[in-house]
Every structure is written in C-alpha cells, then in structure tokens.
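Here is a short briefing on one structure. Please look at the sequence and the fold before reading on.

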Amino acid sequence: MASFFSHPALPVALKIASSRPVSKSLFILCIILTCFPDIDVVAFRFGIPYQSPWGHRGFTHSFLFAFVLGFLCQFFFRQLRESRQKVFLWTTAAVLSHSLMDALTNGGFGVAWLWPLSDERFFFPWRPVEVSPIGAAGFMSMRGVVVVLSEIIWLWIPSLLVAKGYSLLMKNKKPLT
Ligand SMILES: [Zn+2]
C-alpha cells in the first residue's frame, strides 16, 4: 500500500488548490474514504490469504466497490451539505484514488479492479512508488524516508497538479457577473 499519510493526497490537494472545493463534512468523509479500502487487512486475522478476492487488495480495491460506496454516500447529500452529484463524484473518486495509488507501488500483489468479473490483480506497467512499511516503526528508518520521498514525488505533486487543473476548470465555469 501507499502510506496512510499519502492516500488522502487527492482530497487534501483539492482543498489546498481551491478555497472551498466542497463542504467540510464531505471533505472529512473523503479523507476517511481514501483509506477505507485497507479495512481488508482484517482478512489476515481470519487467515484469508492475500491472493484471495476477499484478502488484502481484493474486492475493496475494485471499481465496483468504489461506485457502490459513492452510490450509498449520495443518499446523505443533505447531511453533507452538497448536491447528490457532487457527493457521488467526490466519494467515488476518493475510494478509487486508493487503488490507483496502490497500483503504482512496487510491492505486494496488485489490486482486484475488475472484481467480481475477474479475480486478476493489476498493477500499472510503471510502479515508481516505494511500497509502505506496515506500522509506524517502519517510518523511523532510512526505508521510511525513501518511502515518504517517493510518495511526495509520485503521489503528492501529481495530486496537486490535478487539483490545480480542477480548480481552474471550476473557476472558468463560474458565470460572469
Ligand atoms: Zn490498499
């Protein structure tokens, strides 16, 4: 996995690039959702192997899971103080960004994007992100520094560029007054 510090890169970058991209409650929900797919690490406790579709980077890292979570979240659009469409798009993108980042890492198995149609695991052909150590102790070492640097270069900087592009696009869409 990419680290827990970097999975929220996309919503945080959008927040930095735009003064009010979404409501505070939707922003916080998106931060949580960017890490949510790794809830599947509990599978290890139940003896479910990594390669299983129910294991780590399995069904919770699929496109379907991201769309279903986004679909469920849009029912709470009033509480989140945003339009249904915006809640769906942001929450789906938040969940999806997790597996996209995992697919850029150079360790572990790939992600099961196509579950339940296929159990195949996928990576991007190019994987520049150093896989994150598990546990906080792993970051207090040279390896931790290498991981953080690779995430800044390959996750945070591209996220900030995407966010800047999004905010400029949204700015240009505003009606002239
Ligand atoms: Zn993951």
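Glu120 sits in the loop between H5 and H6; helices here are DSSP runs (H or I, at least four residues), numbered from the N terminus. The model is predicted, so local features need pLDDT of at least 70, side-chain atom pairs count only at pLDDT 80 or more, and totals for chains, interfaces and linings use all residues. Residues are numbered from 1 along each chain as its sequence is written.

**Glu120**
- Glu120 counts as exposed because it has 12 C-beta neighbours inside 10 Å.
- The cut-offs are 20 or more other C-beta atoms within 10 Å for buried, 12 or fewer for exposed, and partly exposed in between, with C-beta atoms placed from the backbone.
- Gly58 is 62 residues from Glu120 in sequence, yet their C-alpha atoms are 9.2 Å apart.

**Nonpolar core**
- The largest nonpolar core has 34 residues; such a core is a set of buried Ala, Val, Leu, Ile, Met, Phe, Trp, Tyr and Cys residues joined through C-beta atoms within 7 Å.
- Leu26, Cys30 and Val95 touch the most other members.
- At least two core residues come from each of H1 (9–17), H2 (24–35), H4 (63–73), H5 (84–102) and H6 (142–173).
- H5 gives the largest share, seven residues.
- Beyond its neighbours within four places in sequence, Leu26 contacts Leu80, Glu82, Val87 and Trp90; contact means C-beta atoms, placed from the backbone, within 7 Å.

**H2 against H5**
- The two axes come within 8 Å and cross at roughly 25 degrees; axes are lines fitted to C-alpha atoms over the stretch in contact, and angles run from 0 to 180 degrees between N-to-C directions.
- That angle makes H2 roughly parallel to H5, a class for angles under 35 degrees.
- H2 supplies Leu26, Leu29, Cys30, Leu33 and Thr34 to the contact.
- H5 supplies Val87, Trp90, Thr91, Ala94, Val95, Ser97 and His98.
- This contact has eight nonpolar, four polar and no charged residues; Ala, Val, Leu, Ile, Met, Phe, Trp, Tyr, Cys and Pro count as nonpolar, Asp, Glu, Lys and Arg as charged, and the others, Gly among them, as polar.

**H4 against H5**
- H4 and H5 pack at about 145 degrees, with axes 8 Å apart.
- From H4 come Phe65, Ala66, Phe67, Leu69, Gly70, Phe71 and Cys73.
- From H5 come Val87, Phe88, Thr91, Thr92, Val95 and Leu96.
- By class, the H4 contact with H5 has ten nonpolar, three polar and no charged residues.

Definitions and conventions
Two residues are in contact if their C-beta atoms, placed from the backbone, lie within 7 Å. Angles under 35 degrees count as roughly parallel, over 145 as roughly antiparallel, 65 to 115 as roughly perpendicular and the rest as oblique.
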